[in-house]
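Welcome to this short tour of a structure that may be new to you. Please have a look at the sequence and the 3D view below, and then read on.

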Amino acid sequence: MDDLKELRKQFLLHLGRAEDSSQLQNLRSRYLGKKGEITGLLKSLTSMPPADRPAAGKEINELKDFIENQLNRHLQKIHSREIEGRIQKESIDVTLPGPGSEIGGRHPISLVLDEVIDIFISMGFGVEEGPEIELDFYNFEALNIPRDHPARDMQDTFYINDEVVMRTHTSPVQVRVMQQRKPPLRFIAPGKVYRCDADISHTPMFHQVEGLMVDTNITFANLKSVLESFLHSVFTPDTPVRFRPSYFPFTEPSAEVDIGCIFCKGSGCRICKTTGWIEILGSGMVNPKVFKMVGYNPRKYTGFAFGMGIERITMLKYGIDDIRLFYENDLRFLGQF
Amino acid sequence: MLLPFNWLKEFIKIRKSPGEIADMLTMAGLEVESSEGSGDDTVFDIDLTPNRGDCLSVLGTARELAAVTGKNIKIPRFRLPSEDKRSWIRVSIGDRDLCARYAGRVLKGIKVEESPAWLKKRLELSGIRSINNIVDVTNYVMLEYGQPLHAFDFGKLVSGQICVSTPDKSIRFTTLDGIERLITGDMLLIWDGNKPVAIAGVMGGLESEVGEDTTGIFLESACFNPSSVRRTSSELGLKSESSFRFERGIDVLNVDKALDRASFLISELAGGVLCKRVDVFPRKYRPRQVKLEYAKVNNILGVNLSGTKIQDLISRIGARVEDFDDYLHVEVPSYRNDIENDFDLIEEVARLYGYHRIASSAPVIRVDALPKSKVRENIKSIRNHMCSRGYSEVINFSFMNPDMIRLLNLDSDDPRNNAVRILNPLRQEESLVRTTLVPSLLENLGYNFNRGIRTVKLFEISKVFIDKRQKSDKLPGESMRLGGAYLVDRTHRLWKDNVDDFFVVKGDIDAMIKKLTIGNGLWKRSSEPFLHPGRSADFILGNRKAGFTGILSPDVLHLLDMKVHNSDVVLFEFDLDIITVNKDRKHVYKQFSRFPFIQRDISVLVDPEWSAQDILELVKSYKSKLIDEVTVFDYYSGKNIPDGKISLGFNVHYRAYDRTLSDEEIDGVHNDLIGFLLKKSGAQLRQ
Ligand SMILES: [Zn+2]
């Protein structure tokens, strides 16, 4: 049985030299294959005297098991070495950014518009729209602003012709909707408006959100509640809100709504012109003259209307100090939102 | 309006500080915008709303303060010196609608000189330049009483007859400021006989101006029609302190009092003799009567005020009231032209009661689920899609520069030429209203690129306006658009893939269209004149063009002030009214096959007229229920391909709903499909 010892030695020598899985495969067939050495030895048992066969068979099988085990163990080792190598070769700088990873900025005006709209939707208001190039009738006349009235001075108007203007506010949507539908009404009308005015604090186009609520029992106390609730949502719940008398031709009584200055907390600063208050909304009870214009019975229905400038709210929310930034569309500005 | 605090104190007893008074006025609706100390005085700048013309004076503001505090005003007393029994002038009003009252007085033997310091200072604090004692007094009394006055040089009035009427025909007239103006037939004038001497309520004439050598004056105090004054002043482009007050309405019962006050002051400062006052007041003044129901006050305001309380508040504005159990009869004072009906009185109640004392109360509403606006939802989703694809949202003015639209080389019948024109634009560059978002987006692109930003990806969702050029349509067509612009510097890209920028942007658009689930649209070569003809496409939905995307034509790029090298500008614009409105297609789940698929590839050589889309459509039109999906996986022209041919590779997935397919069955179908394809397209099979 020295042959077997020799064979074992020779196998171990070959195994030591095997470097990859294909060489191991060769070794397997050389020793354990159909024509392999061990297979040959097992076949040669038949030529042995029957008495010797069991002992010899046992030894050959032990060697076969040994080779099999060694091959498997070695194969595993080589496998993991090969995978390791591949992993190393495939390694990349994982800190590089992926393609298409940059996202665009939302325009802050559009962001705040959405926020304002969502707050009103949550309070049960619908959303309506109207034309931006509007008839003088809807923009002024139907809102109780006759042609020769000083109230027209409140808004510098871009004219298209005698009858057509770039709308100066979103209020004409009130009239258009009331002409088409009967109360109860509860909606807002967001959109662009235009004034013939450009300086450090005015742009010729800006955004407004108009609101209207009409029913049989709407009061000034309701107006206060809805607007307070809105302002507490869009700013913070502890923001002070005050209502003071004002004048809009299409509301009566009219109210200007101020919030406590969010920069100085009411102690007075440059932004609030030392008053501690910042004007944020115009509002009032719908003037019965407007109801008559649209064919509502002013003895039956009451309602309130309000309007706000989105630029102003956006500037306050994000601490933007120059309104012109909104329309330069500089990506270094837009990218921040 | 500038108002010195000390002057106010002459009309009402005030113990509070200027700051406290400013606050009270603001909270009553007379917004004190600023309050500035000046020596021993404080000057309020009050921003008066157009309805409160009655407060455009010391007297008016004092009256308002009295209403707020419940105090009384005290009008400083004066005694007129004895007067000449003759008036020396006659007055007639030609148009009673335009002039409700005209009073006047001749003062003779006066001396025109510089005003005393106290007068100059009051005027200066009120923002009015001192001229001489006569003119200064007219301004002083206007500021004090709210009644505009005018002094004519009596020596220059020759006829002794003043007439108030409009001219028969247009005439030329030179005003105090030395400008000759065209007066049209609807403008009210003051005439000396048949010679015009003033534009009523707006400005006096140069010829009858009071000067150093004036020795007699005719002092005018009148009440002109607000609309008429406003029309005249705006048509002439001539605004004055006087016209400002007349437009807002003055107190017709105050006309004579102001005249006396001015006469008194002039006689004090310039001496002379007062002649008899003339006062033409043709129609008897009747105060406005309004019925105010208590229940209505409480219903509108949402409060519970007693009749007594309401009565008290209304009397404070100087109204005469009478209580009739459930309503109040109110006689409106002559200076409150703004109070026409009960709503105006309800505002007075709210104001004087204090808005802050009206407790907020949430409205009781019927709870309705509102229908969701599909269009708004879609626009929201487009916005989010574009942002997540790296495009930043811009908002531009709706104006358009005529030069920029010309740059686009549009055909003469292109509706985008039909822009609405603004009569009074701020700048020539903003004189048109946008018919397309492209010009603004190109400007944004240039602005950012020229500031060193190398990845410029922008989008805007805004309306465009097309003038319909038809008399019957007074308003232009408005339609919501999505526009975008893209410019990414190639040399500084980290991932150097070779995808054409056209396809990068088209991929973004295709994904958006898929998201909107608006059904099958088709892409075809675009004919937009400002795009590269070979690298641009229109998107067609149904029979309508829904939008385009493409590379900016090199000759247009050349005209823009942008130094772009080896990168392309890509533009797109879509009509959101088309792509966001899906016709309420029912969204129903479609079953898919759970059986295995078999795939086959086809490679064909086609002529360039055939687009990949054409071939895909052709495959889809092949009648076999077994074709599950077809995709393009190869597009090639160049080496190893016959000249002028394009090699297209398609992958076809076969799958049945009811069984596992066999290779043999599919071989049959696939060979037939190839035959169909080659026959229809004239393509060759590529081996
Ligand atoms: Zn502040």
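## Helix 12 of chain B

In this predicted model, helix 12 of chain B holds several buried residues: N378(B), I379(B), I382(B), R383(B), H385(B), M386(B) and C387(B). An α-helix has 3.6 residues a turn, so residues three or four places apart point the same way. You can find the helix at residues 374–388, a run of 15 residues. From its first C-alpha to its last it reaches 21 Å, close to the 21 Å expected at 1.5 Å a residue. After the helix comes G390(B), which has a positive phi, near 95 degrees.

D508(B) touches H385(B), along with R389(B) and Y391(B), when residues up to four places away in sequence are not counted. D508(B) itself belongs to helix 15 of chain B, which covers residues 501–516. Is D508(B) buried or exposed? Its relative accessible area is 6% and the cut-off for buried is under 20%, so D508(B) is buried.

## The zinc site in chain A

Now let us turn to the metal. Which residues hold the protein donors of the zinc ion? They are C261(A), C264(A), C269(A) and C272(A), each through its SG atom, at 2.2 to 2.3 Å from the ion. Along the sequence, these donor residues follow the spacing C-x2-C-x4-C-x2-C.

The site is tetrahedral, with angles of 102 to 115 degrees among the 4 donor atoms. Two of the cysteines, C269(A) and C272(A), are both buried.

## Chain A as a whole

Chain A contains 12 helices and 9 strands. The domain assignment divides the chain into domain 1 (2–90) and domain 2 (108–334). The C-alpha centres of these two domains of chain A are 90 Å apart.

How does the chain fill space? Its C-alpha atoms occupy a box of roughly 135 × 45 × 45 Å along the principal axes. The radius of gyration of chain A is 43 Å, whereas a compact globule of 337 residues would have one near 20 Å. Of the 337 residues in chain A, 53% are buried. Among contacts with a separation of 6 or more in chain A, 65% join residues 24 or more positions apart.

## Chain B as a whole

Chain B has 19 helices and 31 strands. Its domain assignment lists domain 1 (2–69), domain 2 (83–280), domain 3 (289–355), domain 4 (374–581) and domain 5 (598–685). Taken over C-alpha atoms, the centres of domain 3 and domain 5 of chain B are separated by 85 Å.

The C-alpha trace of chain B spans about 130 × 60 × 50 Å along its principal axes. Chain B has a radius of gyration of 40 Å, while a compact globule of 687 residues would come out near 26 Å. Buried residues account for 52% of the 687 residues. In chain B, 70% of the contacts with a separation of 6 or more are between residues 24 or more positions apart.

K586(B) sits in the loop between helix 17 (576–579) and strand 28 (598–606) of chain B. With a relative accessible area of 77%, K586(B) is exposed.

## Backbone details to look for

Most residues other than glycine have a negative phi, and most peptide bonds are trans. The peptide bond from P183(A) to P184(A) is cis, with omega near 0 degrees; P184(A) is in the loop between helix 7 (172–180) and strand 4 (185–194) of chain A. Another cis bond runs from E252(A) to P253(A), with omega near -5 degrees, and P253(A) is part of strand 7 (residues 251–260) of chain A.

T274(A) is not a glycine, and its phi is positive, near 65 degrees. T274(A) lies in the loop between strand 7 and strand 8 (277–286) of chain A and is exposed, with a relative accessible area of 64%. In chain B, N409(B) also is not a glycine and has a positive phi of about 55 degrees. You will find N409(B) in the loop between helix 13 (402–407) and strand 21 (432–433) of chain B. N409(B) is partly exposed, at 40% relative accessible area.

Conventions:
Residues numbered from 1 in each chain as written. Chains lettered and ligands numbered in written order. Predicted model: local features only at pLDDT ≥ 70, side-chain atom pairs only at ≥ 80, totals over all residues. Heavy atoms only, no water. Helix = DSSP H or I, 4+ residues; strand = E, 2+ residues; numbered from the N terminus. Expected span 1.5 Å × (residues − 1). Buried < 20%, exposed > 50% of the residue type's maximum accessible area, 1.4 Å probe, protein only. Donors = N, O, S within 2.8 Å, 3.2 Å for Na, K, Ca; no water. Tetrahedral: all angles 85-135°; square planar, octahedral: opposite > 155°, others 65-115°. Domains from an automatic or database assignment. Rg over C-alpha atoms; globule rule 2.2 N^0.38 Å. Contact = heavy atoms within 4.5 Å.
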